[in-house]
Structures are given as structure tokens and as C-alpha cells.
Amino acid sequence: MTYQPFHIYGAERKSRWLITVDHASNHVPVEINGGDLGLAAEDMQRHIAFDVGALGTSLRLGELLDAPVIASNFSRLVIDPNRGEDDPTLVMHLYDGTIIPANRNIDEAEIERRKQAYYLPYHNALADLAAAREDVIIIAMHSFSPKLNGRAPRPWEIGILHAPQEDRFGIPFIKRLEQEGDLTVGDNEPYAGHLPGDSVDKHAFAHGRLNALIELRHDEIDTETKQSAWAERLAPILTDVLDTTGL
């Protein structure tokens, strides 16, 4: 089977929602050092290689919202689709204290090859999906580690990232989540806003599209049961925010 750098699930679905999973996979294409970045197998199961639980949660959420889901099929350590093309962290040499051996001496030619082979096909497909929908709402799904090396534990079960360029949906979404009563909701936590040229910037902000970037702490979605539970919780909340805001 020919390798594809992305997968689209439910392309025929008709709602306004579009779910993206930039860091869906820890796959390393065989052209890169025989499919091996030089890391131990346990490191490739960590958050440094992909967003644990994000794909399963997104697939169930897509079913519930009648939304297509586009997911990368390469590790963020190969090249990070949630970075601008000129971002110095586009290809990471070191992540959360771990050196990435196959990236240590990477040159500009190899970075460009990875852009052409993996990064750009993913973004081109995402752009086509978004353009095909009227008044699209982009939901970017991510997960985060409960604790980075040497840092304090992160208390938020869920964080919503937003930025002033287009936060009409993000801020009401945060307020609605806070009404749940049993959640510690991060407002631009565990990270602040967005980076120039990242996925939301490229596909939402640049077009004035409604969006929200959801970060779930990955111990909340590290099993299929938990992933389904979160998707089933989020779907009616997202729909409620859309209905009550009239956006």
C-alpha cells in the first residue's frame, strides 16, 4: 500500500465542523533512517512523538458532530505540522530533555524534503476540506502531558487556546466548560495562544474562521473508553455554544 501522509475520516459528512489532529500519529516513514528516529520504543509512545489519545477522541467526536476528521500520519518529530514553515522548531533536535538522534545533524535539504513529502500534503488536504464547507468551524484537537520533566504537575483536565485574531468561539466555549463545575479549565493553558504560521493561524485566523484549539490532558484520554467519554461530553457542549452564541 502506498504511504499517505494524512488520513481523512468521514469526508462525506456535512456539518459545519471540521476536526483536525495535527499530532495524531507516532509513525516514522521508512525513508527516514529506515523508519527509525533512533529513539527507544518507549520514547516513541510518549507525548514527544505524538498527542496521546487525540486521534481516538477526535474520531468519536467526528461521528457525533457529523464532521470530517483529518489526521496526520507522521510523528511530530519527523516534522511538526503545527508549526510555521520558517519556525526553528519545525524539526526538533531536542524535546522535553530527549535528543532526537535522526534529527541531530539534519540539513536544509532534508527539511525541505520532509516539507514536500509530509507537511505540505497534510496542509493542502486540510485547506481543501475547509474550503469545501460553508461557514466552517475548525476544532483542532491536541493532548498534553500531565507533567513535563522538572516541571510542576499540570492541574487542568482541559485547556482551550485562543487568540484575539479570532476568539468569538473560544471564549464562550471556555465559559461554557467552566459551568460544568467539575473541571479545571485552562484559559490559554498549558500554552498561550497560537504561533505565527501554525495550523490554526494558517487555516482559521487567515480566513476569519471560527475555531477552538482543545488540549486534553492525556491521562484523561489514554484509553478508548476515556476517549469516547470525552467526545460524548464535548459534542453537546460544542453544539450548545454554537446555538447560544448564534455564530
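In which helix does histidine 203 lie? In this predicted model, histidine 203 belongs to helix H5, which spans residues 199-203.

Close-up 1. With a relative accessible area of 5%, histidine 203 falls under the 20% cut-off for a buried residue. Its side chain makes a polar contact of 2.9 Å with the side chain of histidine 123, a residue that is itself among the buried positions of helix H3. When neighbours within four places in sequence are set aside, the contacts of histidine 203 are His123, Leu126, Ala127, Ile138 and Arg209.

**Close-up 2. Helix H3, with its kink and its buried residues.** Helix H3 runs over residues 108-131 and carries a kink of about 45° that is centred on lysine 115. Lysine 115 is one of the buried residues of this helix, and the others include Ile111, Arg114, Tyr118, Tyr119, Tyr122, Leu126 and Leu129.

**Close-up 3. The aromatic pair of tryptophan 17 and phenylalanine 169.** The count of aromatic pairs in the model comes to 4. In one of them, the ring centres of tryptophan 17 and phenylalanine 169 are 5.9 Å apart and the ring planes stand at 75°, so the arrangement is edge-to-face. Because tryptophan 17 lies in strand S2 whereas phenylalanine 169 lies in the loop between strand S7 (158-161) and helix H4 (170-178), the pair ties together parts that are 152 residues apart in sequence. Tryptophan 17 and phenylalanine 169 are both buried.

**Close-up 4. The aromatic pair of phenylalanine 74 and tyrosine 118.** Here the ring centres of phenylalanine 74 and tyrosine 118 lie 5.8 Å apart with their planes at 40°, so this pair is tilted. Phenylalanine 74 comes from the loop between S3 and strand S4 (94-95), and tyrosine 118 from helix H3, so the pair ties together parts that are 44 residues apart in sequence. Phenylalanine 74 is buried at a relative accessible area of 0%, and tyrosine 118, at 1% relative accessibility, likewise counts as buried. Together with Tyr3, Phe74 and Tyr118 form one aromatic cluster.

**Close-up 5. Arginine 233 and the ring of tryptophan 230.** In this view, the charged end of arginine 233 sits over the ring of tryptophan 230, at 5.6 Å from the centre of that ring.

Terms used. Residues numbered from 1 in each chain as written. Predicted model: local features only at pLDDT ≥ 70, side-chain atom pairs only at ≥ 80, totals over all residues. Heavy atoms only, no water. Helix = DSSP H or I, 4+ residues; strand = E, 2+ residues; numbered from the N terminus. Buried < 20%, exposed > 50% of the residue type's maximum accessible area, 1.4 Å probe, protein only. Polar contact = N/O pair within 3.5 Å; in protein donor to acceptor, adjacent residues only side chain to side chain. Contact = heavy atoms within 4.5 Å. Bend = angle between axes of the 7 residues up to and from the residue. Phe/Tyr/Trp six-rings, centres within 6.5 Å; stacked < 30°, edge-to-face > 60°. Lys NZ or Arg CZ within 6 Å of the ring centre and 35° of its normal.
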